[in-house]
Amino acid sequence: ALQLLSTVSALAAAGQAQQNAPSSNGSLSQSINYYLTKLKLESLLKLHHIHATKINGEELSINDWCLCMNNLQAGILQLQALRNDIARYGEQFKLIMNGEKEQFKQLETQNAANTDTHSKLQATANELQQRLRETQSEIERLTRQKQQMEQQSACIANNLQTLREGMENYALLKQRYVSSITERVQNVTQIQSLSPVIATVHDRYADSVQTLRTSLSAFEREWKHWNPYHVLTWFKNIDDGHFNRDDQYQAYQKHIVGDDINGTKLASVDDLSLSMFGVTQQSDRQRILQNIKRLLTSTSENDQKNNEEDNNHQTEDNKNEKQEDDTNVDNRFNALLQAIQQMSDSQ
């Protein structure tokens with residue numbers, strides 16, 4: 001899963017580099033490659049499949065749960081970025097198409113004017129030739145007039161040649177323009193066809209995140225054994241992810257990691273410490289304190305039930321079972337800590 005997430009990040013960086021590169025046809029300042037976008041989407045689908053299989057197929061540990069939650073949320077951000085890039089590219093393409101449409105209309109108007117001018121000049125040339133034939137008998141008397149008319153005829157011939165070349169160039173440019181537009185329209189159509197797929201994958205990621213959040217209570221019973229990484233993930237996902245906004249709660253998130261706020265220290269958090277470390281809204285502080293109180297209350301109720309069971313069952317077999325359960329919990333958390341350390345080393 002980590003390798004797939006790294007691949008998606010690398011593809012996103014490559015797509016960003018391609019967008020920053022100058023366009024080959026000089027029309028669009030940015031472009032989105034259809035196959036690169038499709039490859040990123042396939043990688044995100046594979047990543048979601050891995051985590052969805054874990055979520056639906058087996059009981060998750062706290063590390064797996066946190067890893068799935070963070071990877072799925074990162075995937076949602078990348079899918080949103082893809083959707084925004086496609087929408088922005090479509091809008092930019094529409095603007096450029098409108099501009100080029102206006103230029104094409106101007107060329108059409110200019111070509112119509114040139115055609116009309118060509119017809120007029122051709123008619124004038126024919127008239128001059130006719131007049132030359134009619135005035136041949138009066139050459140001596142009309143020598144000067146003949147020279148002037150010949151000069152005019154030569155000038156018109158040059159103009160006609162220039163107009164013909166312009167018309168030929170216009171036909172060539174029109175053919176190239178139509179070919180270029182056809183190719184770009186096909187590319188945009190292919191890219192935009194991915195929008196429904198992206199929306200579907202985004203919904204799958206969101207459903208998986210919600211599934212993980214509903215299972216949060218299963219891990220809250222072990223809050224005393226949490227490390228700062230567990231506390232941070234729990235903080236981001238309580239109250240349906242209300243605090244999963246880095247722009248508004250980044251200061252407190254840094255405080256959790258930087259000051260080593262583990263599960264035991266979480267129990268001593270109060271309104272003053274929340275305010276000092278960046279949680280400025282009173283309603284937000286109350287939300288956090290209520291969730292912490294819920295953790296403590298849940299643990300107290302569980303401890304009370306365990307004490308009642310211990311008082312009613314004081315046999316040696318129950319004591320041995322309790323010791324075995326405690327050993328299993330310690331072993332499981334030690335395994336979780338070792339897995340976290342190995343994941344950190346590999347990263």
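This is a predicted model: local features need pLDDT of at least 70, side-chain atom pairs count only at pLDDT 80 or more; totals for chains, interfaces and linings use all residues.
Asp116 is partly exposed, with a relative accessible area of 40%; here buried means under 20% relative accessible area, exposed over 50%, and partly exposed in between (1.4 Å probe, protein chains only). The side chains of Asp116 and Lys120 meet in a salt bridge at 3.2 Å, N to O, a term for a side-chain nitrogen of Lys or Arg within 4 Å of a carboxyl oxygen of Asp or Glu. Because they sit four residues apart in helix 3, about one helical turn separates Asp116 and Lys120. Helices are DSSP runs (H or I, at least four residues), numbered from the N terminus.

Residues are numbered from 1 along each chain as its sequence is written, and side-chain values use heavy atoms, leaving out hydrogens and water.

The protein chain has a mean pLDDT (the predictor's confidence in each residue, from 0 to 100) of 77. Confidence is highest in helix 3 (residues 62–134), at a mean of 89, and lowest in helix 12 (residues 316–346), at 53.

## Other salt bridges

The count comes to six salt bridges. One of them joins Glu100 and Arg184 at 3.4 Å, N to O. This pair links distant parts of the chain, with Glu100 in helix 3 and Arg184 in helix 4 (residues 143–192), 84 residues apart. Both Glu100 and Arg184 are buried.

Terms used. Helices (H or I, at least four residues) and strands (E, at least two) are DSSP runs, numbered from the N terminus.
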